[in-house]
Amino acid sequence: MSLFLNRRALLACAGLGSSALVLPRPGLAQAAFDVNPFQLGVAAGDPLPDGFVIWTRLAPSPLEPGYGMPRQAMAVTWEVASDAGFGAVIQSGETVARPELGHSVHVEVEGLDPGRPYFYRFRVGSERSGVGRAKTAPAAGASLAEVRFGVAGCQAFESGYYTAHRKLAEEDLDFVFFYGDYIYEGRGNRIYGGASTQENLRVHHGGEVYSVDDYRQRYAQYTMDADLQSARQSAAWFVVWDDHEIDNNWVGDIDQDDTDPAVFALRKAAAMQAFYEHMPLRRSSFPRGSALQLYRRASYGDLLDVHLLDTRQFRTDQPCGDRFNSRCAAIDAAEAQVLGQAQEAWLAQGLNTSKARWNTLAQQIMVMDLDRNPGEAFGVNTDSWAGYSVPRARLLRHIRDRRIDNVVVLTGDEHQNYAGELFIDGHNPEGAPIATEFVSTSISSGGDGQDERADQAAFLAANPQLKFRNSQRGYVVCDVTPERWQTEFKVLDQIHDRNGVLSTRLKLAVEAGDARVVGA
């Protein structure tokens with residue numbers, strides 16, 4: 001025992017951390033931990049017909065400098081089984097958790113059967129992780145009767161509890177689309193102001209985040225939440241980012257503070273590394289400096305093609321000085337971009353060649369061009385597609401002119417539930433709608449929220465393309481069949497404690513071949 005303690009003390013003095021005992025092995029290290037190193041849980045993502053990514057990150061002390069790990073590569077064993085008890089292990093192997101990547105691991109499991117659930121876990125030394133569950137995608141082109149999936153995002157830690165994630169984990173889903181704002185980058189604030197001063201329910205650790213270590217701590221603080229871990233291990237996730245993974249309202253090489261782009265690129269590089277380290281992403285999304293390949297496509301048999309978009313990295317600057325509820329000539333700038341030329345061409349090609357019954361654009365910012373000032377001077381959200389009229393019209397005209405039926409846009413960012421129909425000009429709609437948009441509310445951002453805001457009637461009257469608006473917290477579940485797309489808006493009565501009651505606020509649907517929103 002004294003030898004063990006002396007050796008541990010020597011390792012700590014050498015800067016190797018105090019949570020692990022490192023034992024020599026050719027090229028790698030093994031360890032006996034004082035604390036379970038799987039404090040951040042497990043996750044799976046980007047399912048294909050023959051497998052998916054499985055993820056974990058070793059961090060016995062996630063919020064401490066060095067997060068309790070030695071500065072050495074460490075062997076991690078993984079297993080995939082057909083049952084939760086691991087009585088029938090289908091595959092297993094060993095991977096390496098490297099300090100350069102925060103001791104995260106991303107295993108791309110292959111060789112599994114399509115369209116069925118599997119269970120996975122990790123082991124390092126004598127320590128085991130929790131058990132995750134993920135379904136493989138159906139075989140390419142397979143005839144499907146249904147796909148059921150969840151939509152979630154915007155989870156400001158300081159705003160409330162993650163009860164919605166706990167409820168999401170109880171759903172039986174084929175996958176979850178997480179639309180972004182996994183973390184918020186601002187400093188910790190015990191008090192927030194407004195009409196009345198209140199205490200935040202939870203407080204960010206540290207100040208605003210800039211370095212890789214800063215972002216790692218922030219991701220760790222969020223991911224340590226047990227309800228969030230439950231949702232991540234309940235189903236495979238497709239993840240994209242919005243703005244707060246880096247900085248509020250960033251686009252391209254521009255941040256909200258007009259930082260020198262070369263300096264902002266350093267922050268982006270740090271943020272993108274930490275994002276990859278904490279998400280179940282494939283090697284194709286490995287960060288390259290201040291760039292990361294995030295847009296990609298997934299197919300669910302003959303029923304659904306999912307086009308995951310990146311509306312931040314290639315976008316031009318927001319018009320009107322990025323002022324909300326604004327209108328200015330720059331909204332109609334011919335050179336404006338939302339997706340960038342390469343991504344826009346990739347999306348057009350994918351829509352043109354898709355043989356699926358339904359196509360969904362899984363993205364972050366609202367496409368509906370809502371009047372945000374009903375009864376006042378017309379204004380739009382300049383950080384949405386409505387602030388970029390030329391690329392917005394180009395996208396919708398392409399869908400209309402190529403007669404691409406059954407396009408549903410899935411969106412987040414707004415911290416509200418919305419459902420509506422898409423026209424070139426939503427305020428002067430002509431003919432049938434081109435596509436449909438469903439916007440999922442936040443997990444926690446915005447606090448408890450409310451069912452209807454005071455301006456509800458005026459807002460709906462000023463925006464005829466909008467069919468539903470709700471301001472509570474929760475998530476969305478989509479049930480897709482060949483004949484119909486149904487969206488279920490699930491909301492909580494409150495999130496200021498963990499006992500919020502979940503209910504279905506409304507079910508809306510779209511019939512195949514008709515983009516109008518109807519009651520379900």
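Which residues of α5 are buried? They are F264, R267, K268, A270, A271, M272, A274, F275, Y276, E277 and H278. Buried stands for under 20% relative accessible area, exposed for over 50%, and partly exposed for the range in between (1.4 Å probe, protein chains only). The legends below describe a predicted model, in which local features need pLDDT of at least 70, side-chain atom pairs count only at pLDDT 80 or more, and totals for chains, interfaces and linings use all residues. Residues are numbered from 1 along each chain as its sequence is written, and side-chain values use heavy atoms, with hydrogens and water left out.

**View 1. The whole protein chain has eight helices and 27 strands.** Its radius of gyration is 23 Å, close to the 24 Å that the globule rule gives for 520 residues, so the chain is as compact as a globular protein of that length. The radius is taken over C-alpha atoms, and the rule is 2.2 Å times the number of residues to the power 0.38. Helices (H or I, at least four residues) and strands (E, at least two) are DSSP runs, numbered from the N terminus. Along the principal axes, the C-alpha atoms fill a box of roughly 80 × 55 × 45 Å. Buried residues make up 57% of the 520 residues. The chain exposes about 19,700 Å², and carbon and sulfur atoms supply 49% of that area. Accessible areas come from the Shrake-Rupley method with a 1.4 Å probe; for residues, only the protein chains shown count as cover. Among contacts (heavy atoms within 4.5 Å) with a separation of 6 or more, residues 24 or more positions apart account for 68%.

**View 2. Helix α5 is capped by D260 at its N-terminal end.** A side-chain oxygen of D260 lies 2.9 Å from the backbone nitrogen of A262. The end C-alpha atoms of α5 are 25 Å apart, which agrees with the 26 Å that its 18 residues should span at 1.5 Å a residue. The expected span is 1.5 Å times one less than the number of residues. The buried residues of α5 pack against β4 (51-57), β7 (104-109), α3 (212-223), α4 (226-234) and β15 (237-239).

**View 3. E277 sits in helix α5 (residues 261-278).** E277 is buried, because its relative accessible area is 0%. Its side chain makes a polar contact with the side chain of Q273 (2.9 Å). Such a contact is a pair of N or O atoms within 3.5 Å; within protein, one must be able to donate a hydrogen and the other to accept it, and residues adjacent in sequence count only if both atoms are side-chain atoms. Leaving aside residues up to four places away in sequence, E277 touches W55, E100, L101, G102, S104, H106 and R216.

**View 4. In helix α4, the buried residues are D227, L228, Q229, A231, R232 and S234.** At the start of this helix, a side-chain oxygen of D225 reaches to within 2.9 Å of the backbone nitrogen of D227.

**View 5. Strands β3 and β4 run antiparallel, joined by five bridges.** A hairpin links β3 to β4 through two residues. L48 stands opposite G51 in β4. Strand β3 (residues 42-48) is mostly covered, with six of its seven residues buried.

**View 6. An open sheet of eight strands has mixed pairing and the order β16-β17-β18-β19-β21-β20-β23-β22.** At the edges stand β16 and β22 (449-450), each with a single partner strand, so one side of each is left without a neighbour in the sheet. Two strands pair if DSSP finds at least two bridges between them. Strands β20 (residues 417-422) and β21 (residues 435-439) run antiparallel and are joined by five bridges. A419 has F438 in β21 as its bridge partner.

**View 7. Helix α6 (residues 341-353) has 13 residues.** From first C-alpha to last, α6 reaches 18 Å, close to the 18 Å expected at 1.5 Å a residue. Its buried residues are Q343, W346, L347, A348, G350 and L351. They pack against β16 (296-300), β17 (304-308), β18 (358-362) and α7 (389-401).

View 8. Most residues other than glycine have a negative phi. D258 has a positive phi of about 55° although it is not a glycine. D258 lies in the loop between β15 and α5 and is exposed, at a relative accessible area of 69%. H415 has a positive phi of about 60° and is not a glycine either. H415 is found in the loop between β19 (407-411) and β20, and counts as partly exposed at 23% relative accessibility.
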